Amino acid sequence: MNNLWMNLGCMIKKFVLSLLCTLVLGIGLVHLVWAAEPPESTTAVMAEGVVRKLDVNNRKLTIKHGPIANLNMSGMTMSFKAKAGVVLDDIKEGDAIVFSAVEENDQYVVTQLRKKQ
């Protein structure tokens, strides 16, 4: 009978230990999922505009654009720097475009760009 109580006690300890491990693992997974989500401010929001000036060598564009929601900016004409990797070769002045922009180091930077369909 004494052996039965020892086995039962051991089983209860294992059960409680497995519950605690499951709880800790579950909290860790939730934390990983939350940490993997990008902050809302880095999400690309597309805006529309027309290229007014283009300087491919200096990677600068002047765009007459509509509102840019992620920058809380109304429509206007202004200059942007094109981020490395943004292809400017097939863009010319007068092209209607769809683009995304962010503010980096006190300047506005185009991060994505394509001709409007």
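A salt bridge here is a side-chain nitrogen of Lys or Arg within 4 Å of a carboxyl oxygen of Asp or Glu. By this rule the count comes to 4 salt bridges. The model is predicted: local features need pLDDT of at least 70, side-chain atom pairs count only at pLDDT 80 or more, and totals for chains, interfaces and linings use all residues. Residues are numbered from 1 along each chain as its sequence is written, and side-chain values use heavy atoms, with hydrogens and water left out.

**Stop 1**

Show the cartoon. Strands (E, at least two residues) are DSSP runs, numbered from the N terminus. Here 5 strands close into a barrel, in the order β1-β2-β3-β5-β4, with mixed pairing. From one strand to the next, the twist averages 55 degrees. That angle is taken between N-to-C directions, on a scale from 0 to 180 degrees, with axes as lines fitted to C-alpha atoms. Two strands pair if DSSP finds at least two bridges between them.

**Stop 2: β4 and β5**

Select residues 96–104 for β4 and 107–115 for β5. These strands run antiparallel and are joined by 8 bridges. Pick Val-102; its bridge partner in β5 is Val-109. Then pick Phe-99, which stands opposite Leu-113 in β5. The hairpin has 2 residues between the strands, and Asn-105 takes a positive phi near 50 degrees there.

Lys-81 stands opposite Val-109 in β5.

**Stop 3: the core**

A nonpolar core is a set of buried Ala, Val, Leu, Ile, Met, Phe, Trp, Tyr and Cys residues joined through side-chain atoms within 4.5 Å. Buried means under 20% relative accessible area, exposed over 50%, and partly exposed in between (1.4 Å probe, protein chains only). The largest core has 19 residues. Select Leu-61, Phe-80, Phe-99, Val-110 and Leu-113, which touch the most other members. Two or more residues come from each of β1 (47–55), β2 (60–65), β3 (76–82), β4 and β5.

Centre on Phe-80. Contact means heavy atoms within 4.5 Å. Beyond four places in sequence, the residues Phe-80 touches include Leu-61, Ile-63, His-65, Phe-99 and Val-110.

**Stop 4: His-65**

Which strand holds His-65? His-65 sits in β2. It is buried, at 6% relative accessible area. Leaving aside neighbours within four places in sequence, its contacts include Glu-48, Met-76, Met-78, Phe-80 and Phe-99.

**Stop 5: the charged pairs**

Side chains of opposite charge can pair when their charged atoms come close.

Select Glu-48 and Lys-116. Their closest N and O atoms are 2.8 Å apart in a salt bridge. Glu-48 lies in β1 and Lys-116 in the segment after β5, so the pair ties together parts 68 residues apart in sequence. Glu-48 is partly exposed at 45%, and Lys-116 is partly exposed at 42%.

Next, take Glu-104 and Lys-83. This salt bridge has its closest N and O atoms 2.8 Å apart. Glu-104 lies in β4 and Lys-83 in the loop between β3 and β4, so parts 21 residues apart in sequence are tied together. Glu-104 is partly exposed at 29%; Lys-83 is partly exposed at 33%.

Finish on Asp-95 and Lys-115, a salt bridge with its closest N and O atoms 3.7 Å apart. Asp-95 is in the loop between β3 and β4, and Lys-115 is in β5, 20 residues apart. Is Asp-95 buried or exposed? Asp-95 is buried, at 9% relative accessible area. Lys-115 is partly exposed, at 35%.

How values were computed
Helices (H or I, at least four residues) and strands (E, at least two) are DSSP runs, numbered from the N terminus.
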